[in-house]
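Here is a short report on a structure, written for a reader who is new to the subject. Keep the 3D view open while you read.

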Amino acid sequence: MILLLVIIMVGPFVWMVSTSFKKSSDVFTEAPNLLPISKNTGKLYFTVENFKIVLKYGEISKAFINSILVATSATILNLLINSLAAFGFARLNFPGKNIIFMILLSTMMIPFYATLIPMLYITKLLGMYNSLAGLVIPMCASVFNVFLMKQFFQTIPQEMEDAACIDGCSRFGVYWRIILPLSKPVLTVVGITTFIWHWNSYTWPLVLINDPKHYTLPLQLALLVSGSGSRYNYMMAAATMAVVPILIVFIVFQRYLIQGIVLSGLKG
Amino acid sequence: MIKATTREKIAGYLFILPLLVYVGVFLIAPAVMSLFFSMTQWNMRTQPIWIGIENYKELVFNHVKYPYFGHSFWITIKYVLMAVPMGIGSGFCLALLINSVKREKTESFFKVAFYLPVITSSVAVAAIWKWIYDSRYGLLNIFLTKLGFEGQNWLGDARTALFALAVLAMWGCGVTMIIYLAGLKGISPQFYEAAKIDGASALASFWYITLPLLRPVTFFLIVTNVIASFQVFEIIYVLYGAGGGSYGGPNNSTLTYIMYLYNHAFRYGEMGLACAMSFILFILILILTILQFKILPQSYD
């Protein structure tokens with residue numbers, strides 16, 4: 001029973017990776033081989049031919065670079081804007097603070113698809129249609145992540161701040177030198193989830209980008225999925241390249257991330 | 001609380017300014033504009049023409065011009081009715097399984113393994129399952145044939161396509177699993193000990209302690225899962241639309257609400273009409289969210 005569950009959940013990934021190493025002649029077999037084994041000789045082999053081909057002809061290498069650029073810059077911007085705001089809400093007093101925060105929280109109820117078209121229109125007006133900037137700027141902050149960071153900042157004792165400020169440092173100094181270095185766990189969670197989100201993002205690039213040279217990995221992969229008929233070994237090679245980096249990041253940081261999932265799930 | 005100085009006030013506003021600009025420009029303005037555009041005839045290139053509630057009326061009543069509006073609604077509801085129970089059911093089973101594991105290493109292995117599909121991009125999910133569902137060489141059909149069943153053209157047949165897609169929701173039940181797991185860990189062991197002393201069987205304590213205590217979690221998960229499944233789009237688009245395919249799947253059997261919205265916005269250029277559909281979606285989700293806040297006890301936060 002347990003074994004069956006594990007097979008269903010993990011099996012497709014194994015199948016994806018193994019297909020990506022197979023030669024075309026060994027992809028379509030009546031009895032599926034879990035490992036790339038030659039039909040004729042019965043020997044185990046790994047070919048990187050599929051990866052070479054999709055990198056060369058599938059424009060995957062260009063898309064890979066675009067995806068890294070977009071996801072990295074969006075993550076940095078997100079960390080900066082969200083943490084600045086979270087610091088303001090957690091540590092400073094100003095009139096209207098609570099009302100502003102409530103309004104911000106209520107915007108989380110707006111579904112993405114409900115604002116998709118006007119968002120595209122505004123991005124066009126700002127001259128970012130069909131550009132990598134257009135993939136980053138309209139997604140450069142997240143109210144939910146502000147909430148997450150605010151909760152964390154509030155747990156840092158006020159004394160830390162006071163002690164540092166006897167020597168007289170600015171508000172920005174407190175944020176930059178004291179709060180941020182103490183907040184590595186929450187910054188890690190927000191950073192990685194944002195990166196993964198942008199890396200996987202599909203709908204927004206789909207409606208924004210029409211020039212193949214700005215295509216991100218999901219756009220390029222989708223072309224392979226719908227276009228290649230049944231060249232599954234190429235498709236799986238491209239999918240492996242899209243999935244495996246994220247899986248590794250996730251596995252390395254899983255301890256932090258699972259905590260974050262519980263929180264984000266609960267807040268919806 | 002000490003009264004805020006003027007300097008602090010200014011500093012406070014400066015810190016939140018970037019976020020406020022972002023939310024104003026990319027969240028609140030589009031939401032308001034969506035309502036405005038929904039009352040216009042507009043294709044994003046020319047000036048919008050004000051037509052009042054005509055878009056809404058046409059969508060609901062003009063079955064000749066928009067034959068699939070009701071149909072797409074019905075398809076989406078069918079999808080939700082399949083995907084949500086399967087997703088919540090399998091998430092719950094996985095959580096129970098992990099909770100019964102005693103070794104910490106094994107536990108975190110399962111957690112990570114079962115969560116992986118969630119962080120996989122929907123395009124890659126579509127790619128992997130297209131291969132598994134392949135009617136001739138797909139893993140599933142080969143397996144079924146071995147067991148003596150007849151293979152199906154899972155994604156190409158109007159009778160099975162929507163169900164085959166809903167199964168993918170089951171595969172991505174990692175979030176549900178993690179939240180159930182947190183819920184299970186939150187139940188005090190004292191309850192179970194007390195039940196044991198009173199001579200209750202394991203099944204009875206599961207039925208009378210575990211299930212009732214998880215009710216708020218289940219309710220929360222149902223609402224959030226319904227909201228998410230109602231907006232299913234990316235995987236279906238990759239499988240049926242991206243290559244200039246039929247866009248609605250075999251016999252329009254996978255033409256979900258967002259898919260229909262996308263068609264009108266980006267294939268037919270009816271942005272005004274699509275905004276009307278967006279606004280209807282927004283109201284539906286708003287109702288669900290309010291319902292959730294009304295029914296869920298406040299302590300659960």
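The C-alpha centres of domain 1 and domain 2 of chain B lie 33 Å apart. Domain 1 covers residues 6-60, and domain 2 covers residues 68-269. This is a predicted model. Every value below was computed from it.

## Chain A as a whole

Start with chain A. Its secondary structure comes to 15 helices and zero strands. Along the principal axes, the C-alpha atoms of chain A fill a box of roughly 75 × 45 × 35 Å. The chain has 268 residues, and 42% of them count as buried. Now take the contacts in chain A with a separation of 6 or more: residues 24 or more positions apart account for 74% of these.

Helix α11 of chain A runs over residues 184-200, which makes 17 residues. At 1.5 Å a residue, α11(A) should span 24 Å. The end C-alpha atoms of α11(A) are 24 Å apart, so the expectation and the model agree.

Which residues of α11(A) are buried? They are Val186(A), Val189(A), Val190(A), Ile192(A), Thr193(A), Thr194(A), Phe195(A), Ile196(A), His198(A), Trp199(A) and Asn200(A).

## Where the chains touch

The two chains are in contact. Chain B gives 74 residues to this contact, and chain A gives 72 residues. On the side of chain B, the largest share comes from helix α1 (residues 6-37), with 21 residues. What kinds of residue make up the side of chain B that touches chain A? The residues there divide into 56 nonpolar, twelve polar and six charged.

## Two helices packed in chain B

Two packed helices are described by the angle between their axes and the distance between the axes. Helix α3 of chain B covers residues 69-100, and helix α7 of chain B covers residues 161-171. They pack at an angle of about 35 degrees, and their axes are 8 Å apart. The crossing of α3(B) and α7(B) is right-handed.

Look at the residues that meet. From α3(B) come Ile75(B), Lys78(B), Tyr79(B), Met82(B), Ala83(B), Met86(B), Gly87(B) and Ser90(B). From α7(B) come Leu162(B), Phe163(B), Leu165(B), Ala166(B), Val167(B), Ala169(B) and Met170(B). The residues of this contact between α3(B) and α7(B) divide into twelve nonpolar, two polar and one charged.

Phe163(B) is one of the residues in α7(B). Phe163(B) has 16 C-beta neighbours inside 10 Å, so it counts as partly exposed. Phe163(B) and Arg45(B) are 118 residues apart in sequence, and their C-alpha atoms are 39 Å apart in space.

## Two buried residues of chain B

Met259(B) sits in helix α13 (residues 257-267) of chain B. Is Met259(B) buried or exposed? Met259(B) is buried, because 23 other C-beta atoms lie within 10 Å. Leave aside its neighbours within four places in sequence. Met259(B) is then in contact with Ser72(B), Phe233(B), Ile236(B), Tyr237(B) and Gly248(B).

Tyr180(B) lies in helix α8 (residues 174-185) of chain B. It has 25 C-beta neighbours inside 10 Å, so Tyr180(B) counts as buried. Not counting residues up to four places away in sequence, Tyr180(B) touches Gly91(B), Phe92(B), Ala95(B) and Val217(B).

| Pair | Apart in sequence | C-alpha to C-alpha |
|---|---|---|
| Met259(B) and Val32(B) | 227 residues | 23 Å |
| Tyr180(B) and Lys105(B) | 75 residues | 19 Å |

Most residues other than glycine have a negative phi. Two residues of this model go the other way.

Asn130(A) has a positive phi, near 60 degrees. Where is Asn130(A)? It lies in the loop between α6 (112-125) and α7 (132-136) of chain A. With 14 other C-beta atoms within 10 Å, Asn130(A) is partly exposed.

Met44(B) also has a positive phi, near 80 degrees. Met44(B) lies in the loop between β1 (40-41) and β2 (49-50) of chain B. With 17 other C-beta atoms within 10 Å, Met44(B) is partly exposed.

Key
Residues are numbered from 1 along each chain as its sequence is written. Chains are lettered from A and ligands numbered from 1 in the order in which they are written. This is a predicted model: local features need pLDDT of at least 70, side-chain atom pairs count only at pLDDT 80 or more; totals for chains, interfaces and linings use all residues. Axes are lines fitted to C-alpha atoms, for helices over the stretch in contact, and angles run from 0 to 180 degrees between N-to-C directions. Helices (H or I, at least four residues) and strands (E, at least two) are DSSP runs, numbered from the N terminus. A crossing is left-handed if the near helix is turned anticlockwise from the far one by less than a right angle, and right-handed if clockwise. Two residues are in contact if their C-beta atoms, placed from the backbone, lie within 7 Å. Ala, Val, Leu, Ile, Met, Phe, Trp, Tyr, Cys and Pro count as nonpolar, Asp, Glu, Lys and Arg as charged, and the others, Gly among them, as polar. The expected span of a helix is 1.5 Å times one less than its number of residues. A residue is buried if 20 or more other C-beta atoms lie within 10 Å of its own, exposed if 12 or fewer, and partly exposed in between; C-beta atoms are placed from the backbone. Domain bounds come from an automatic or database domain assignment.
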